[in-house]
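Take a moment to look at the model below before reading on. The paragraphs after it go through a few of its features in turn.

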Amino acid sequence: MTGSIALLVSDPAVLSSLQFALSVEGFQVSATGDNRAAAALVIDQGYRQDGVAALLELRARGTATPAIILVTNPNTAFRARAAAAGAALIEKPLLGDELSRAIAEALHLRKAA
């Protein structure tokens with residue numbers, strides 16, 4: 001896979017798990033908080049208390065990087081906010097390969113743009 005994936009996750013256990021799982025699948029993963037060179041963003045709903053708000057801040061600063069929000073039981077309002085921020089939603093718990101497929105799609109779309 002090409003391009004790095006920036007993980008914006010506050011929970012150390014979730015962060016560690018995602019880093020391991022995605023690196024095993026061949027993704028280059030960064031959790032440094034520097035997402036300027038990232039090919040895709042994976043943001044936990046609880047990142048900085050509100051992952052969508054954090055993404056909206058990035059969007060306001062000109063970040064157009066494809067984003068995926070990890071969320072548990074999203075309500076209609078949350079779905080609408082994520083869509084307005086241009087983010088795909090993946091529901092937790094992560095049981096299959098939904099996240100990998102969403103990242104691969106985001107990387108493909110970015111490459112095509």
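Is Arg 101 buried or exposed? The model is a predicted one, and in it Arg 101 has a relative accessibility of 52%. A residue counts as exposed when this value is over 50%, so Arg 101 is exposed. Its salt-bridge partner is Asp 97, with the closest N and O atoms 2.9 Å apart. Asp 97 has a relative accessible area of 42% and is therefore partly exposed.

Side chains of opposite charge can pair when their charged atoms come close. The model has four salt bridges, and the one between Asp 97 and Arg 101 is among them.

Another salt bridge joins Asp 44 and Lys 92, where the closest N and O atoms are 2.6 Å apart. This pair links distant parts of the chain, 48 residues apart. Asp 44 belongs to strand 3 (residues 40-44), while Lys 92 is in the loop between strand 5 (87-91) and helix 4 (98-112). Asp 44 has a relative accessible area of 8%, so this residue is buried. Lys 92, at 23% relative accessibility, is partly exposed.

A further salt bridge runs between Asp 50 and Arg 81, with 2.9 Å between the closest N and O atoms. Asp 50 is in the loop between strand 3 and helix 2, and Arg 81 is in helix 3 (residues 76-84), so the pair ties together parts that are 31 residues apart in sequence. Asp 50 is partly exposed at 23% relative accessibility, and Arg 81 is partly exposed at 31%.

Five of them form an open sheet in the order 2-1-3-4-5, with parallel pairing. Strand 2 (28-30) and strand 5 are the edge strands, each pairing on one side only. From one strand to the next, the twist averages 25°. Within the sheet, strand 3 and strand 4 pair in the parallel sense over four bridges. Ile 43 has Ile 69, in strand 4, as its bridge partner. Helix 3 packs on the sheet, where it touches strand 4 and strand 5, and its direction makes about 140° with that of strand 5.

Where is Thr 63 placed? Thr 63 is in the loop between helix 2 (51-60) and strand 4 (67-71). Its relative accessibility is 17%, and because buried means under 20%, Thr 63 counts as buried. Leaving aside residues up to four places away in sequence, Thr 63 touches Leu 41 and Leu 58.

Terms used:
Residues numbered from 1 in each chain as written. Predicted model: local features only at pLDDT ≥ 70, side-chain atom pairs only at ≥ 80, totals over all residues. Heavy atoms only, no water. Helix = DSSP H or I, 4+ residues; strand = E, 2+ residues; numbered from the N terminus. Buried < 20%, exposed > 50% of the residue type's maximum accessible area, 1.4 Å probe, protein only. Contact = heavy atoms within 4.5 Å. Salt bridge = Lys/Arg side-chain N within 4 Å of Asp/Glu carboxyl O. Pairing = 2+ DSSP bridges. Axes fitted to C-alpha atoms, helices over the stretch in contact; angles between N-to-C directions.
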